[in-house]
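Subject: Structure handover

Hello,

Here is the structure I promised to pass on. Please open it first, then read the notes below.

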There are 2 protein chains.
Amino acid sequence: MTDWDDYPRPAVTVDVVIFTLREGDLQVLLIRRRNPPFQGMWAIPGGFIRIDESLEDAALRELEEETSVRDVYLEQLYTFGDPDRDPRGRVITVAYFALVPADAVRPRAGDDAAEARWWSMYHLPPLAFDHDKILAYALQRLRYKLEYTAVGFELLPETFTLSELQAAYEVILGEKLDKRNFRRKILSAGILEETGEYRTGEGRPAKLYRFRDDAVAEVKARRLFP
Amino acid sequence: MTDWDDYPRPAVTVDVVIFTLREGDLQVLLIRRRNPPFQGMWAIPGGFIRIDESLEDAALRELEEETSVRDVYLEQLYTFGDPDRDPRGRVITVAYFALVPADAVRPRAGDDAAEARWWSMYHLPPLAFDHDKILAYALQRLRYKLEYTAVGFELLPETFTLSELQAAYEVILGEKLDKRNFRRKILSAGILEETGEYRTGEGRPAKLYRFRDDAVAEVKARRLFP
DNA sequence: ACAAAAGTGTTGAGAGTACACCCATGC
DNA sequence: GCATGGGTGTACTCTCAACACTTTTGT
């Protein structure tokens, strides 16, 4: 820290891993790169930070550019900064991950993307830069958080049945769960309330639930540091 | 991500929160700033990244400059990037935290510090920049990790008694632990081995232990949800 | 002998896990 | 009435927390 201007500065970007649940699957939003390097390959949405916006604001801006949503779960994931991760030069990226309910989003291509679409986390295309590493880490973190917080709800629509909730957990964790134990535990946690409505379909109609606002607030309070 | 040169670049620094256990206390290494801004105030050691080194290498370099040690526990903590956190302009800092055994270190002042010394985490001086926030977060993370991993050992010398280990946990967690439960739990985790030596002093001599480096250190996390 | 720290077991409560059948509806 | 998914209870195991006295050494 000798002198302020002595050091060449890296470029700094923010990348946002956007997860959702669609088609009974855990999916992630990717964009196809319009420009070199890695032209035509798939990448996590992101972009350069602006000089007067916070990192979180930059992540929210990217998120909104790609999905038109705000007010979703967003958490800083990790900062990736290997000197050779971008062939154009030194680029450090602060990765975030976001959880959005599928029904709230219609992906749209941004400026630098020819195309944007959902991909299954379990069947990904080849990815630009070190984005495979970033996604692998994001999945690990999502699974881990699911085990001790209630973030799973952030991926579901406003109301849902217990079977839908259980299916969400199973898809993300990649394992089957016992129905009775799941229901007992989730109900005794006191974070759900019945809506009074039912979902009909094949078989017996299922009670619809929503998250209790106060419980969701508690989870949200714990989510982001500073 | 329109064009590479369109964006003014922020400066990027790495700050390293260096924890140790000394004098029966959890302490952190701070340096007194020689230059403005915040001249004369205490700060977490850190500095600008070099254009061709990775973030982790930069953190290791800072750590070695301040403490002359390598090969200690080092983990990326969080990236702080509010636009106004440094009055000189836009500076993003990638914070790391390091755990060093007290007997391995003799702090030394670096280039930009008039002075370097250990401070109790529980009696800190006023800090430069947003370093109070960084330290608060580092402590939270350290406590959290202590509950489900074996990182506590990284703060202790090569060999130690169970009472010393317990005292370390108590200082970091800020609470008293039951001796019998602590011993049973830590021994049944199978991560310690006896050295065969004893530490003598006042009272009955105590067995010395060391950490088994082949042990899987992760203590099973208790899940909030299935 | 006494001070000082090391070391040691049991019990009760609560949480987690495994497991199989009846219920309400649409067709 | 039958196919389909929704909904329910119990017994066993394991983990965690609370709690007090004996042992070994140095002086």
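How many residue pairs are in polar contact between chain A and chain B, counting those with both at pLDDT 80 or more? The count is 9. Please keep in mind that this is a predicted model.

**The interface**

Let me stay with the two chains. On the side of chain A, 55 residues are in contact with 48 residues of chain B. Together the chains bury about 4,700 Å². Carbon and sulfur atoms account for 66% of that area.

Which parts of chain A supply at least two residues each to the side that touches chain B? The strands are β1 (11-22), β4 (46-48), β5 (73-80) and β6 (91-99). The helices are α2 (131-148), α3 (162-173) and α4 (179-188). By class, this side of chain A has 31 nonpolar residues, 9 polar and 15 charged.

**A sheet in chain B**

Next, look at the open sheet in chain B. Three strands form it, in the order β8-β10-β9, and the pairing is antiparallel. β8 (159-160) and β9 (192-199) stand at the edges. Each has a single partner strand, so one side of each is left without a neighbour in the sheet.

β8(B) is joined to β10 (residues 206-211) of chain B by 2 bridges. Thr159(B) has Arg210(B) as its bridge partner. Phe160(B) stands opposite Tyr209(B).

On the other pairing, β9(B) and β10(B) share 5 bridges. Here Glu193(B) stands opposite Arg210(B). β9(B) and β10(B) also form a hairpin, with 6 residues between them. In the turn, Gly203(B) has a positive phi of about 80°.

**Side-chain pairs**

Over all chains, the search finds 32 salt bridges. One of them joins Arg85(A) and Asp130(A), at 2.8 Å from N to O. This pair links distant parts of the chain, 45 residues apart. Arg85(A) sits in the loop between β5 and β6 of chain A. Asp130(A) is in the loop between β7 (113-120) and α2 of chain A.

**Backbone details**

Start with α4(A). At the start of this helix, a side-chain oxygen of Asp178(A) reaches to within 3.1 Å of the backbone nitrogen of Arg180(A). Just after the helix, Gly190(A) takes a positive phi of about 70°.

Then go to the prolines. In chain A, a cis peptide bond joins Pro36(A) and Pro37(A), with omega about -5°. Pro37(A) is in the loop between β2 (25-33) and β3 (42-43) of chain A. In chain B, the bond from Pro36(B) to Pro37(B) is cis, with omega near -5°. Pro37(B) is found in the loop between β2 (25-33) and β3 (42-43) of chain B. Phe38(B) is in the loop between β2 and β3 of chain B. Its phi is near 60°, a positive value in a residue other than glycine.

Best wishes

Key: Residues numbered from 1 in each chain as written. Chains lettered and ligands numbered in written order. Heavy atoms only, no water. Pairing = 2+ DSSP bridges. Helix = DSSP H or I, 4+ residues; strand = E, 2+ residues; numbered from the N terminus. Contact = heavy atoms within 4.5 Å. Buried area = accessible area lost by both parts, 1.4 Å probe. Polar contact = N/O pair within 3.5 Å; in protein donor to acceptor, adjacent residues only side chain to side chain. Nonpolar A, V, L, I, M, F, W, Y, C, P; charged D, E, K, R; others polar. Salt bridge = Lys/Arg side-chain N within 4 Å of Asp/Glu carboxyl O.
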